[in-house]
Amino acid sequence: MSQGVDVSGLFSEMVKACASVDIVQKKLVYVFLCSYATLNPELSLLVINTLRKDCQDPNPMVRSLALRNMSNLRLPSLVEYVEKPLTAGLRDRAACVRRVAVLGWAKLHNLQPNSEIDAAVVNELYSLLRDPDPVVMVNCLRALEEILKEEGGVAINKPIAHHLLNRLKETDVWGQCEVLRILQHYRPQSEEELFDILSLLDASLVSHQPTVMAATLSLFLHLCSGLPPVCLAALERARGPLLAACGSVSREMRFTALCHIQLLLRSLPGLMGAHYKRFFCGYAEPAYMKQRKMQVLVELVNDDNVGLILDELKGYCTDVNAETAQAAVSAIGRVGRSYSDRCLEILTGLLVLKQEHITSAVVQTMRDLVWVCPQNSHTVCLALEACEETLQDSQGRQALLWLLGMYGEQVAGAPYTLEVFIDGVRSEASVGVKMELLTSACRLFLCRPAEMQDMLGRLLHYCIEEETDTCVHDQARLYYRLLHCGIEETRKILLGRRSDPSLGVLIGRPAEPVSQWAPYFNTLEPLRQDGAAEAEPASRESPRCVPCEAKTSRDLPESLSSHMEPDWRKESQCSGGPAAVQPPGVGTGLSLSSSPTLTPEEFERTWLRLQRLPPGQNAGRREEEHLCLEELIRSAVVPLCSPHNLQAALQLLNIQMLAFTPPHTLPWRVYLYTHTQRAHAGHTLVLGELLWPGETQKEGGAEPEEEVRVTLRQQPPDDEALKGFFSILTTVLQTVSSQGE
């Protein structure tokens, strides 16, 4: 049997051999009979008499062995002969027999899931939850969960829940995990009872067994779904066991711990900040482990450890595994969105190695970095010289072509680099490279027509007349006809935005509510997810120019969107189209627009250039070329809400939020801008800062201050427009604040 040989012909002889008194021989015979019972259902009936006789044996080991194999025959025709011995087994004086009998009922139900459930058996199983043997208790939970699956599983009331909690320490590791999972069916009836349960679970939360700790934390998050501070405190308590699991001997356990730590970092980004060295990669670790650790390291970067982490990632870039090296380069690029100068220095140094896979990863990373941080374009362009000689894979060449097309005016040899690609287009196998080459050649022609005219003509002629791929052929015809429409029309289409300014400052992932990922904790879902997928969505294709439109977030409170959007959108159709929004309550015909877009660098320069108001002056004050206004708004809940919710609320009104500090970080700041226009008046640019230093106690024991300071700077000055914008902003903040409460 162990060699895969069919020995079913010996079934009749083995039926006779099952009457042996030797336990070892009896076990081997039962293994054979259970394996071939489905192929010999008629002969299997002869085994029942021997098994039922063994169920009356004085030896409890023989009785449990007979019950186990009787339920393992898996023949519907034998169910009626099995029920009576299993019922008697539930009342057996030996614990090992009761263990087998309880699970035997679950096997019978699994064999006939549509059969009617025997209420007497269910009641007997519920009564066995108080069995003195902890294994019997756990087996009862498993059996009831299987039998009552259609009814929602085992029903847990207050006495059962507290009984299970009090006996939790008596069970083994897997028994504790099963009990903790089943307890998620119970909902405490009061807050006092909830905290009593949490007190009983506190010791398990810091258990040295990672499985018990994970099951306990999952139960904590389930019970405290309405108490976010308690959930965050539980995550803090679980930090030590999770770090210990990361040092486990088992690779599987280490990888699972890393995946769950990534979940926790979504709500507590600084949870593991002081222990970042625990996530440095070992030389002998497998590639999948190193890549997951690098993803965690990127989440833990801050001003204090950025140098050490970048040095560590730099060392991984020369790993013998090409995928690990490329993942390290990509990780450096994600860190570069916050610390661009240091990362670009490392990336430029890696190009000197002239390694094909490293150069390809570096060029792709530079492309993605320029897309979110356009201020680094000059440094990137200087590093692109002679890269085409090392690039061999299609993804790297597409990234290089995109950079040359978008920033070719800054690269002296850009036309000659493209000429090498154009001369070899006949032997190019990648369709993506050909299409990117067409786009880059047309873009560079608009910037440097004298050098590109002949090359572009040859490329279009080949792609239209000789190219066999339909996509490349159609794209070449499109560009050919577009050029016939005029240079200006072509420039409008091909030379769109080179980056997304909103991505350049909104770095990282804001803290998420625990409830968003709590259902997936202690499941296989975190292992299936790729942590780098969200962090680097454009790492394998050229960025696309997507217009920045106001969108309603899924997390946006319904009352806000339903209260603001319909009426204001209707009025906007009468005041200037979809780009302008006419807010209610402003009789001056004020409209807001988020275009033209403002980059972070332009915002900073303009903000610093405009003069500040003298301290303590809250009214608007007119200067030579700008106007300032400072006011206080009572809406302390706003700094605690999700930044994406606030951003979505502002975008509904064409107010662009450029930068923010994470929630629960003091002082809390938000920077925003918009363009205003009134009837019979010109356009103005309004820059804004929201500042909340935190709750400060007033003198005399009064209630603490809960006010957000709003600072607005406008250029050119327009009193009515500035006051109207402040009224709109106040309405948005108060609406978001009321929803947060």
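The model is predicted, so local features need pLDDT of at least 70 and side-chain atom pairs count only at pLDDT 80 or more, while totals for chains, interfaces and linings use all residues. Residues are numbered from 1 along each chain as its sequence is written.

The protein has 34 helices and seven strands, taken as DSSP runs (H or I, at least four residues, for helices; E, at least two, for strands) and numbered from the N terminus. Of its 741 residues, 51% count as buried, meaning under 20% relative accessible area with a 1.4 Å probe, protein chains only.

Two packed helices are described by the angle between their axes and the distance between the axes. For helix α9 (residues 158-166) and helix α11 (residues 191-205), the angle is about 20° and the axes are 10 Å apart. That makes α9 roughly parallel to α11, a label for angles under 35 degrees. The contact (heavy atoms within 4.5 Å) is made by Lys158, His162, Leu165 and Asn166 of α9 and by Glu193, Ile197, Leu200 and Leu201 of α11.

Helix α22 (residues 394-407) has 14 residues, which at 1.5 Å a residue should span 20 Å; its end C-alpha atoms are 20 Å apart, which agrees. The expected span is 1.5 Å times one less than the number of residues. Twelve of the 14 residues of α22 are buried, among them Trp402 and Tyr407. What covers the buried residues of α22 includes α20 (356-372), α21 (377-383), α23 (414-423) and α24 (431-447).

Definitions and conventions. Heavy atoms only, no water. Axes fitted to C-alpha atoms, helices over the stretch in contact; angles between N-to-C directions. Parallel < 35°, antiparallel > 145°, perpendicular 65-115°, else oblique. Buried < 20%, exposed > 50% of the residue type's maximum accessible area, 1.4 Å probe, protein only.
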